[in-house]
Amino acid sequence: MFPKMASARWISASLLVLLLSLHPIVDAFYLPGTFMHTYEPGEEISAKVNSLTSIETELPFSYYSLPYCKPPEGVKKSAENLGEVLMGDQIDNSPYRFRVNVNESVYLCTTDPLTKEQAELMKNRARNLYQVNMILDNLPVMRFTEQNGMTIQWTGYPVGYNPMGSSEDYVINHLKFRVLVHPYQAQGDVVVTSEDGVAMVESDRKSGFQVVGFEVVPCSVKRDPAAMAKLKMYEKVDSVSCPLELEKSQVIREKERITFTYEVEYVKSNIKWPSRWDAYLKMDGAKVHWFSIMNSMMVVFFLAGIVFVIFLRTVRRDLTRYEEMDKEAQAQMNEELSGWKLVVGDVFREPCCSKLLCVMVADGIQITGMAVVTIVFAALGFLSPASRGMLLTGMIILYLFLGIIAGYVGVRIWRTIKQTSEGWKSVAWLTSCFFPGIVFIILTVLNSILWGKKSTGAIPISLFFTLLALWFCISVPLTLIGGLLGTRAASIEFPVRTNQIPREIPERKFPSWLLVLGAGTLPFGTLFIELFFILSSIWLGRFYYVFGFLFIVLFLLVIVCGEVSLVLTYMHLCVEDWKWWWKAFFASGSVAFYVFLYSINYLVFDLRSLSGPVSATLYLGYSLIMALAIMLSTGAIGFLLSFYFVHYLFSSVKID
């Protein structure tokens with residue numbers, strides 16, 4: 001067997017050396033989800049259009065829901081991944097064509113007279129600040145505006161506008177494109193990846209130009225429709241400047257004919273192709289992120305000091321003194337016990353709704369694992385924004401396959417509480433259905449609203465069945481397999497026996513849930529600044545790519561959740577409250593309550609442009625899903641650390 005393996009390795013090594021000798025010069029780099037394309041002068045590139053989006057309504061619509069010019073070959077949809085469809089993207093081809101290094105001004109088409117419905121729809125899109133999202137060589141179009149002496153960068157351009165003091169709406173019908181290109185000289189072989197993420201080696205790459213920037217200046221220009229209608233698509237027209245006078249702009253009105261034109265200017269740039277996304281991913285406020293991290297570390301050190309005192313000055317002191325006593329003194333001390341030592345016979349008593357606790361902890365571990373792996377891969381650059389929808393697709397796939405860990409954790413906790421494996425199948429089934437089931441219910445309600453509005457954000461019924469198939473064919477079986485592995489793992493034995501009669505818990509001046517709810521403020525303090533940037537990227541159409549900061553914040557959040565839950569568990573045990581199981585979960589999980597309140601605050605004060613009850617319902621629905629996921633994740637972390645703390649604490653006590 002071993003000689004065969006050795007010979008196979010020698011053959012593989014020889015082939016590798018042969019390949020390297022055939023390609024002595026290789027300039028290689030790897031950019032996941034991207035495809036470097038070099039164009040020859042005059043080569044044609046077709047632009048694509050994504051869904052129309054608005055920060056006022058958050059309801060995406062198809063580009064061709066408005067009377068825009070259509071390509072001669074007809075409208076064709078591009079292949080989309082799971083994440084793109086779930087985010088409401090609908091990428092179609094467009095009539096806009098670009099010939100590399102050819103500056104030109106081109107006529108597209110003149111519409112038929114607008115019907116009343118078309119005019120009202122276009123006015124509505126313009127007043128709701130809908131943006132056209134165009135893509136060239138996988139780069140979104142970018143525009144710049146001046147506000148208060150500052151240059152602000154936007155992706156996309158508006159459908160139209162309504163000037164102050166005017167009752168009319170005007171459409172953007174002339175686009176002045178500026179395409180930045182970088183001259184490229186072929187230098188051997190290059191390792192690249194296609195848009196599908198498949199790695200390949202391209203040999204003898206041609207010299208030419210690479211698209212490294214895509215900018216637009218949108219204009220509204222009134223033209224003579226009768227004269228322009230005589231032209232054919234792509235015929236040359238005179239270049240025009242954006243008019244400032246409203247009389248020279250194209251109004252949106254019933255029976256009005258709109259002429260669409262565009263012009264292209266190519267500019268050589270020193271930006272290299274691997275750096276072309278830097279302009280989109282540039283995020284200001286690095287000092288704010290560092291402030292967030294420093295703030296989190298202060299909370300961590302504060303809680304770490306409390307934990308240090310509990311362990312070294314209180315717990316260890318008591319245990320050491322107890323172990324040094326002789327048997328008679330121990331017996332006398334047992335009669336005079338106080339604090340956490342009094343609940344030794346009840347501390348591992350089965351909590352109420354124990355099956356639900358096992359399920360929620362298991363789902364929380366599954367969500368935490370998904371978040372950690374996703375953020376690590378994103379921080380390493382494997383989930384680039386150039387690959388639209390890959391972040392969400394990766395999260396869903398990870399969640400499906402991490403079901404095996406969730407099943408294992410849930411059943412293992414169930415066996416620990418019950419001291420038997422009986423009923424593990426129902427625990428595994430509930431684990432696989434609890435969180436996804438709630439998400440499906442919320443998404444179904446939101447989807448029915450989007451269907452009613454005919455938005456591209458609505459999930460197609462075919463995709464609904466696809467998601468259900470993935471759920472029941474991958475996640476559920478893996479969760480059951482994980483549960484089976486949990487039944488075969490070594491059981492965790494309780495260090496002390498549980499009394500038959502429960503001990504009465506002393507009355508307290510204030511209900512314990514107030515302390516549990518207040519504990520959530522500490523984990524929330526570690527993430528609320530980063531939460532602002534995440535919400536802005538989701539709802540204001542901004543790119544979020546500081547995953548390195550996010551990973552640090554996540555790491556600190558895990559530490560804070562564990563410390564908070566541990567401290568509160570010890571405090572409850574000290575006042576003879578042995579019902580610590582659920583309190584340990586919600587001590588850290590209550591951060592979700594503050595996250596949801598912050599989401600409402602963000603809606604009221606930062607998303608003031610969001611209009612209508614439908615948009616607010618969508619926002620609150622998605623915020624509820626986010627808060628639920630955070631509750632399960634942070635609660636699971638806090639519970640597991642508290643469980644091991646309590647197990648360690650009472651395993652050191654020798655009380656009969």
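Start by selecting Tyr 68 and Phe 260: both are buried, where buried means under 20% relative accessible area, exposed over 50%, and partly exposed in between (1.4 Å probe, protein chains only). You are looking at a predicted model, in which local features need pLDDT of at least 70 and side-chain atom pairs count only at pLDDT 80 or more, while totals for chains, interfaces and linings use all residues. Residues are numbered from 1 along each chain as its sequence is written, and side-chain values use heavy atoms, with hydrogens and water left out.

**Stop 1: ring pairs**

A search of the whole structure finds 40 aromatic pairs. Rings of Phe, Tyr and Trp (its six-membered ring) pair if their centres lie within 6.5 Å; planes under 30 degrees apart count as stacked, over 60 as edge-to-face and the rest as tilted. Tyr 68 and Phe 260 make an edge-to-face pair, 5.5 Å centre to centre with 65° between the planes. Tyr 68 sits in the loop between strand E1 (44–49) and helix H2 (82–86), and Phe 260 in strand E16 (residues 259–268), so the pair ties together parts that are 192 residues apart in sequence. The labels H and E follow DSSP runs, numbered from the N terminus: helices are H or I with at least four residues, strands are E with at least two.

Now select Phe 440 and Trp 471. Their ring centres are 5.0 Å apart and their planes at 15°, so this pair is stacked. Phe 440 belongs to helix H11 (residues 424–452) and Trp 471 to helix H12 (residues 461–488), 31 residues apart. Both Phe 440 and Trp 471 are buried.

For a group of rings, select Tyr 96, Phe 98, Phe 177, Phe 214 and Tyr 262, which form one aromatic cluster.

**Stop 2: strands**

Next, find the open sheet of four strands in the order E2-E1-E5-E6, with antiparallel pairing. Strand E2 (92–99) and strand E6 (139–140) are at the edges with a single partner strand each, so one side of each has no neighbour in the sheet. Strands count as paired if DSSP finds at least two bridges between them. Two bridges join E5 (residues 134–136) to E6; zoom in on Leu 136, whose bridge partner in E6 is Leu 139.

Move on to strands E7 (residues 142–147) and E8 (residues 150–155), which run antiparallel and are joined by six bridges. Gln 147 stands opposite Met 150 in E8. The two strands form a hairpin with two residues between them, and Asn 148 in the turn has a positive phi of about 55°.

**Stop 3: positive phi in loops**

Most residues other than glycine have a negative phi. Select Cys 353, with a positive phi near 50°, in the loop between helix H7 (327–335) and H8. Then select Lys 454, where phi is near 55°, in the loop between H11 and H12. Is Lys 454 buried or exposed? Lys 454 is exposed, with a relative accessible area of 71%.

**Stop 4: helix H15**

Helix H15 has 28 residues and reaches 40 Å from its first C-alpha to its last, close to the 40 Å expected at 1.5 Å a residue (the expected span is 1.5 Å times one less than the number of residues). H15 is mostly covered, with 20 of its 28 residues buried. Just after H15, Glu 576 takes a positive phi of about 65°.
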